[in-house]
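Subject: Structure for you to look at

Hello,

Here is the structure I said I would pass on. Please open it next to this message and follow along as you read.

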Amino acid sequence: MNNYYVLVVDDEKEIRDAIEIYLKNEGITVLKAKDGIEALEILNENQVHLIILDVMMPKLDGISATYKIREKKNIPIIILSAKTEDTDKILGLQVGADDYVTKPFNPMELVARVKSQLRRYVTFGTFEGVKKVIDLNGLMLDKEAKEVSVNGEPVKMTPIEYKIVELLMTNAGRVFSINEIYERVWNEPCYNAENTVAVHIRKIREKIEIDPKNPRYLKVVWGIGYKMEK
């Protein structure tokens with residue numbers, strides 16, 4: 001995976017260096033930062049395709065840094081957390097992270113998740129073929145431009161959010177189970193993904209619905225899954 005740049009952000013030098021070794025073995029160039037402030041500075045000055053971001057850091061923690069990054073960039077973010085509570089993972093996903101890995105982690109698992117996120121991210125601008133636009137009563141998806149809009153207003157989405165919307169809009173009216181959404185979007189086997197998918201669905205609704213609690217487009221079919229209304 002040559003020519004890809006990954007920013008590793010962790011206040012522990014040993015962890016930064018260890019991750020760098022494994023990613024370099026995959027041909028990935030690694031940039032490193034010891035806190036959220038330094039990470040933002042590096043992002044402003046360098047091309048970065050993915051960020052690995054620790055939660056507990058001085059100056060600017062991982063959650064706050066994710067929030068600030070999402071104000072300007074949609075590159076994939078993998079959260080590193082020493083905590084095992086669902087609340088910590090959910091909070092990271094809520095502010096825009098695409099995935100999380102709990103410390104202590106298996107280095108090869110982290111590398112696999114990085115490569116999976118990079119594959120999805122770099123394909124967003126490589127769609128080939130005739131331009132296709134799906135319009136569901138004002139909710140529009142431009143597959144070539146990889147853009148979503150509501151009544152003509154562009155909607156900023158993370159790569160994972162876009163993939164979920166694309167899946168549901170391309171198959172409008174069809175109900176997808178949580179397991180199927182996870183496996184189709186994350187491209188990996190589904191294990192206890194209910195919270196992960198639900199958080200992303202909630203964030204998508206907040207972006208495309210006038211009233212997220214009474215959605216017009218993204219509907220839940222209780223006990224089965226989700227669908228995009230035709």
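**Two packed helices**

Helix H6 (residues 159-170) packs with helix H8 (residues 194-208) at an angle of about 80 degrees, and their axes are 10 Å apart. That makes H6 roughly perpendicular to H8, since angles of 65 to 115 degrees count as roughly perpendicular, under 35 as roughly parallel, over 145 as roughly antiparallel and the rest as oblique. The axes are lines fitted to C-alpha atoms, for helices over the stretch in contact, and the angles run from 0 to 180 degrees between N-to-C directions. Helices (H or I, at least four residues) and strands (E, at least two) are DSSP runs, numbered from the N terminus.

On the H6 side, Ile160, Glu161, Ile164 and Val165 meet His200, Ile201, Lys203, Ile204 and Lys207 of H8. Contact here means heavy atoms within 4.5 Å. Sorted by class, the contact of H6 with H8 has five nonpolar, one polar and three charged residues. In this scheme Ala, Val, Leu, Ile, Met, Phe, Trp, Tyr, Cys and Pro count as nonpolar, Asp, Glu, Lys and Arg as charged, and the others, Gly among them, as polar.

**What kind of model this is**

This is a predicted model: local features need pLDDT of at least 70, side-chain atom pairs count only at pLDDT 80 or more, and totals for chains, interfaces and linings use all residues. Residues are numbered from 1 along each chain as its sequence is written, and side-chain values use heavy atoms, with hydrogens and water left out.

**The chain as a whole**

The chain has eight helices and 11 strands. Its C-alpha trace spans about 50 × 40 × 30 Å along the principal axes. A compact globule of 230 residues would have a radius of gyration near 17 Å, and the chain, at 18 Å, agrees with that. The radius is taken over C-alpha atoms, and the globule rule is 2.2 Å times the number of residues to the power 0.38.

Of the 230 residues, 48% are buried. Buried means under 20% relative accessible area, exposed means over 50%, and partly exposed is in between (1.4 Å probe, protein chains only). The chain exposes about 11700 Å², with carbon and sulfur atoms supplying 49% of it. These areas come from the Shrake-Rupley method with a 1.4 Å probe; for residues, only the protein chains shown count as cover. Among contacts with a separation of 6 or more, 57% are between residues 24 or more positions apart.

Arg70 belongs to helix H3 (residues 62-70). Is Arg70 buried or exposed? Arg70 is buried, with a relative accessible area of 11%. Leaving out residues up to four places away in sequence, Arg70 touches Ile75, Pro76, Ile77, Val95, Gly96, Asp98, Lys156 and Thr158.

Val95 sits in the loop between helix H4 (86-94) and S5.

**Backbone details**

Most residues other than glycine have a negative phi, and most peptide bonds are trans. Lys103 and Pro104 are joined by a cis peptide bond, with omega about -10 degrees. Pro104 is in the loop between strand S5 (99-102) and H5.

Asn137 has a positive phi, near 55 degrees. Asn137 is in the loop between strand S6 (133-136) and strand S7 (139-142), and counts as partly exposed at 49% relative accessibility. Asn151 also has a positive phi, near 50 degrees. Asn151 is in the loop between strand S8 (147-150) and strand S9 (153-155), and counts as exposed at 55%.

**Some further positions**

Ile21, in helix H1 (residues 13-24), counts as exposed at 53% relative accessibility. Ile21 and Pro107 are 86 residues apart in sequence and 9.9 Å apart in space, C-alpha to C-alpha. Glu194 lies in helix H8 and is partly exposed, with a relative accessible area of 42%. The C-alpha atoms of Glu194 and Ile15, 179 residues apart along the chain, are separated by 29 Å.

Regards
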